[in-house]
Amino acid sequence: MLLDWITARLPLRLFTEEQQAGLRNLTDRIQRYCPQTGEVKFESQAWDSIRSDSHQVVFRVGSTDFWLQGSPARAIGDGDAVFSSGPAAALDVPGCVDRMINVLFAGIGPHLKPVATRNAWIVTRVDVTGNLLLGSLSEVRDALRLLRNVEGGRYKVSNQAGDTVYWSAKSRLQAGKAYAKGPHLSYLMKKKDYDGRRYSDAELDQASRLLRLELRLGREFFLRAEPWHTLTKSYLVSLWENYFGRMLGGCEVKTDNELLENCISAATTPGQGRSAYALWCLIKSEGWERAQNMTNKRTWYHNLKILRASGLGDADFSAGNVVHLRRKIIEVTLATSWADIKRVA
DNA sequence: CCGGCTTCACGCGCTTTGTG
DNA sequence: CACAAAGCGCGTGAAGCCGG
């Protein structure tokens, strides 16, 4: 598990006058790029954001606070955002904040670094992320397909970089997200302006078996919780497990002994009905994606049509997956490093 | 010959990529 | 930036293949 994102702010009054002026200077320079150069500058509520030289930590100067945010993983070690290392991998929030502050002010000017202690910063968002290692990309996709149908999932599916499932995306308290890490990495690396760590082909291949589960703790969470710098690793882990445990639980196996007969009567001939039922068994044992991959395309659709005509709906297909995936998920421990993957492989 | 499976060609809706 | 072209997964009908 690792910390994937942190947002923190520090009241501007904790900077010296000179530092405040310097920071505002930075935003002024950026404002020139704005076509509407009216007289309203940083007085307005709109914040200017500037990317630090490193592109690892981003900051902005608001009217009352200085904000910083970014992925601690990318500011630590070799920038590995899959597993990370150091404080990000240790779920050490204060350590990550320290690190991000150092990286940021090294980039924009050490003289701008506030003298205020680290704990004076106010953390408003932390992403806790786990990597679940499954058998293959197909299984990862199946897991996503399943999670999408989980009870209470007010989900929205995005197709931008492989499938992503969101829960309560707009919540200020906590929200969840699941996606396949492999396609996401390839997508990132293909982008022209990608300047992060380069992942090897072997790593990309291994990452394709990872199901990424992200828990975002938002502003509201930190208002209610203990002071952010006292959050322990075990507490963060338990939050994550509670949140996603609920998702991974609540699935129910459904068996239908009459299905075979339904298939036979739904098909034009008994033989087709039987083979449609055989396909259902295959889906149950191998999962949707694998079953599809190992079946001829036309046969697949043909038998699927019979299965649907026999009363099976999409939810049932997902339920068919459940048996398989739940077993897998329990079997498989969290992967915490590249070495973990190799060991299992 | 029959029944089931496979091959082929294509339409649709959507996203990505290329180009002026 | 707009628009076209290409790619991709889903899904279908029709015709051919092949073992019993």
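Student: Is Thr 7 buried or exposed?

Tutor: Thr 7 counts as buried because its relative accessibility is 5%; buried means under 20% relative accessible area, exposed over 50%, partly exposed in between (1.4 Å probe, protein chains only). This is a predicted model: local features need pLDDT of at least 70, side-chain atom pairs pLDDT 80 or more, while totals for chains, interfaces and linings use all residues. Residues are numbered from 1 along each chain as its sequence is written, and side-chain values use heavy atoms, without hydrogens and water.

Student: Where is Thr 7 found?

Tutor: In strand 1, residues 2–11. Strands (E, at least two residues) and helices (H or I, at least four) are DSSP runs, numbered from the N terminus.

Student: And what does Thr 7 touch?

Tutor: Its contacts (heavy atoms within 4.5 Å) include Leu 68, Gln 69 and Val 123, leaving out residues up to four places away in sequence.

Student: New topic. Which residues touch the most other members of the largest nonpolar core?

Tutor: Leu 3, Leu 23, Phe 66, Phe 105, Trp 121 and Leu 236, out of 55 residues. Such a core is a set of buried Ala, Val, Leu, Ile, Met, Phe, Trp, Tyr and Cys residues joined through side-chain atoms within 4.5 Å.

Student: Which helix gives the largest share of this core?

Tutor: Helix 3 (residues 93–108), with 9 residues.

Student: What does Trp 121 touch?

Tutor: Among others, Phe 66, Leu 68, Phe 105 and Trp 228, again not counting residues up to four places away in sequence.

Student: How many residues of strand 3 are buried?

Tutor: 4 of its 5.

Key. Chains lettered and ligands numbered in written order.
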